[in-house]
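Me: Could you take me through this model? I would like to start with the overall fold and then turn to packing.

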Amino acid sequence: MEHAMPMESSELMGTARGKVGMWLFLISDALTFGALLCAYGALRMGAADWPVPAQVLDVPLTAFNTFVLICSSLTMVKALSAIRHGNLKGLQKFLLLTALGGIVFLSIQAYEYHHLLFVDNLRLRQSLFCATFFAVTTFHGMHVLCGVIYLLVIAWRSTKGDFSASNHHRVEVAGLYWHFVDLVWILVFTFIYLL
């Protein structure tokens, strides 16, 4: 005769599985980002005509965009703190602010792409710099877009009463993803825009 697992034990197992699953995904994703940044570095070191990034890219605008993403990481911390204290409205407010930070980031990135492609007339076929720049930043941008969608789904589920002070592990897992995206951008910004 099978014994049913107590409900509390089952919830803890689900929490652990969710976190472990996200950590495994983030580790594999970190390796992908690492490979892209290593490829960028190797191509840069081997190219005689690699441009100085500050002369091609808008570093002050992207520094502001980095600041926006860092602020969104802080609002994600506030969202998790709110639900841990049973504050559902606070959770919703800070999740929406975090998603808004991601949308602002993507909008500024779209503006930068438009400027680079149509005003400065950069083309992917012109240089390895262009190809690697767009590959790395677009790959990251897609992660931000997925994160925004993820946060909006969590915010929507919070309106259905899915989260509480004792049931917030999905919010925590979403926070892991969002902090990862922010951390990776700091590395991308440093390697591509500043060095």
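Predicted model: local features only at pLDDT ≥ 70, side-chain atom pairs only at ≥ 80, totals over all residues.

Me: How many helices and strands does the protein chain have?
Reply: The protein chain has six helices and zero strands (DSSP runs, H or I of at least four residues for helices and E of at least two for strands, numbered from the N terminus).

Me: And how do H3 and H4 cross?
Reply: The axes of H3 (residues 59–84) and H4 (residues 88–119) come within 8 Å and cross at roughly 165°. Axes are lines fitted to C-alpha atoms, for helices over the stretch in contact, with angles from 0 to 180 degrees between N-to-C directions. H3 and H4 are therefore roughly antiparallel to each other (an angle over 145 degrees).

Me: Changing topic, which residues touch the most other members of the largest nonpolar core?
Reply: They are Leu 95, Phe 133, Val 171, Ile 192 and Tyr 193, in a core of 45 residues. Such a core is a set of buried Ala, Val, Leu, Ile, Met, Phe, Trp, Tyr and Cys residues joined through side-chain atoms within 4.5 Å, where buried means under 20% relative accessible area with a 1.4 Å probe, protein chains only.

Me: Which element gives the most to this core?
Reply: H6 does, with 13 residues.

Note on methods
Residues numbered from 1 in each chain as written. Heavy atoms only, no water. Parallel < 35°, antiparallel > 145°, perpendicular 65-115°, else oblique. Buried < 20%, exposed > 50% of the residue type's maximum accessible area, 1.4 Å probe, protein only.
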